[in-house]
Amino acid sequence: MKIFKKALFYFFLVVLLIFAGLFIWHPYLMRVLWYRTPDANTYKAFPQEILHKSDSVFRFFSASKMRNDLDTLKVRDGDKQFVSFADYFQNGKLKAFIVIRNDSILYQKYAADYSDSTLTSIFSGAKSMVSILLGVALANGDIKSLDDKVTDYLPELKSNQAFDHITVKNLLDMKSGLEFQDAFGGVLKAFFSDEAKYYYTHDMKAELMKVRLVNKPGTVWKYKSIDPILLGWILEKATGKSVAQFFEENIWRKIGTEYNASFGLDHINGLANTASRFQVTAIDLAKIGRLYLNYGKYNNRQIIPEGWVKQSINIGAEQPTSAKGWQKSAHHYLWWVPQTGENGDYAAEGMLGQRLYIDPKTNTIIVQFAAGGGGDYPYRKISRYLAGLTFSYP
């Protein structure tokens with residue numbers, strides 16, 4: 001019995017030492033263990049850089065009568081079952097849902113702890129914001145061409161041969177070829193994933209300096225956080241401003257935003273997590289949608305080049321390398337662009353059901369914040385329904 005107890009003691013001691021070594025070697029793992037899967041408020045644990053609101057606020061009109069009939073509209077959920085939108089809202093743990101058409105709010109619904117002014121992390125919706133900024137940086141001449149090499153802007157990466165042939169466009173297309181382990185495949189895999197590492201590390205640059213190349217740049221599409229984080233770093237070096245400063249000066253203060261927004265940093269004065277840590281209110285996120293719906297214009301002033309907007313939301317003759325859901329959404333210039341049916345709509349999408357959906361056909365913007373999401377893709381049906389158009393799932 002004493003031998004057994006002694007062996008058990010040494011076993012637990014070895015396990016403890018292994019875990020202690022892991023946490024010393026990779027300190028971010030302690031944060032992964034503590035926070036686990038982030039929610040819309042986890043951003044508060046990290047330093048923030050503020051984007052200050054506009055001096056003059058743009059306000060959407062409120063329809064004289066809200067379209068509460070939307071609550072009874074049958075939409076499909078993640079199990080492809082038809083449920084009322086009211087049930088979709090509740091079952092998906094939706095926090096905010098706003099439908100705007102022709103600059104009028106037709107429908108809005110909030111959970112008890114939410115309003116249109118609640119600051120929320122939109123996770124991967126941040127990637128689409130990077131796409132916007134890249135278009136502005138190109139127009140300003142800060143970035144000369146999408147064909148420029150990453151190392152033209154980040155010479156410190158020349159020490160890693162993985163970056164020798166990667167271009168800015170490779171990053172925009174998510175075809176960098178850089179190694180990235182996603183969080184799918186069980187708890188242990190998620191714990192040690194690159195997704196968790198880049199979300200919780202306090203030094204993204206140090207991690208990027210060590211990454212390996214596993215595919216020839218420009219050949220293989222893989223959804224990953226590394227590419228938009230590198231784009232954020234490039235933007236900072238090319239413009240001489242932080243991502244938050246550049247966004248504030250060129251977009252945020254120019255489109256009538258009512259509230260401050262923020263980018264989460266890996267440490268104080270550090271690099272912005274442009275893959276998954278942009279915080280915004282629902283009503284101001286709708287103004288980004290309005291800006292794109294108007295092809296980059298606000299009050300007849302071109303904020304984003306019209307050509308960049310059209311290029312971003314239209315795949316054209318390019319063969320899609322991704323196909324998500326029944327609408328077969330392809331990832332293009334860091335936006336999700338559906339390819340099935342009478343398309344033309346597009347979206348910025350983030351984990352747990354964060355959405356900015358834009359439908360030029362009906363002049364509709366939909367913003368959804370959620371703590372889980374109801375699944376499927378009800379936005380096109382909702383936009384067409386409220387515009388009096390017929391719609392049927394394929």
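D55 is exposed, at a relative accessible area of 71%. By exposed I mean over 50% relative accessible area, by buried under 20%, and by partly exposed anything in between, with a 1.4 Å probe and protein chains only. Before going on: this is a predicted model, where local features need pLDDT of at least 70 and side-chain atom pairs count only at pLDDT 80 or more, while totals for chains, interfaces and linings use all residues. Residues are numbered from 1 along each chain as its sequence is written, and side-chain values use heavy atoms, with hydrogens and water left out.

Back to D55. Its side chain meets that of R253 in a salt bridge, 2.8 Å from N to O. The rule for a salt bridge is a side-chain nitrogen of Lys or Arg within 4 Å of a carboxyl oxygen of Asp or Glu. This pair connects distant parts of the chain: D55 sits in the loop between β1 and β2 (61–62), R253 in the loop between α11 and β8, and they are 198 residues apart. R253 counts as partly exposed, at 33% relative accessibility. Helices and strands here are DSSP runs, H or I of at least four residues for helices and E of at least two for strands, numbered from the N terminus.

Now the sheet around those elements. Four strands form an open, antiparallel sheet in the order β1-β8-β9-β7. Strands count as paired if DSSP finds at least two bridges between them. The edges are β1 (48–51) and β7 (120–121), each pairing on one side only. Between β1 and β8 (residues 261–264) there are four bridges, and the two run antiparallel.

Next, β5. How many of the eight residues of strand β5 (residues 94–101) are buried? Seven are, so the strand is largely enclosed by the rest of the structure. β5 pairs with β16 (residues 364–370) in the antiparallel sense over seven bridges, and L94 stands opposite A370 in β16. β5 is also joined to β6 (residues 104–110), by six bridges and again antiparallel; there I100 stands opposite I105. The hairpin of β5 and β6 has two residues between the strands, and N102 takes a positive phi near 55 degrees.

The loop between β5 and β6 also holds D103, which connects to R290 in helix α12 (residues 282–293), 187 residues apart. Which of the two is buried? R290 is, at 11% relative accessibility, while D103 counts as partly exposed at 22%.

Last, the remaining charged pairs. The salt-bridge count comes to 21. Among them is R67 with D69, whose side chains meet at 3.0 Å, N to O. R67 is partly exposed, with a relative accessible area of 26%, and D69 is partly exposed at 29%.
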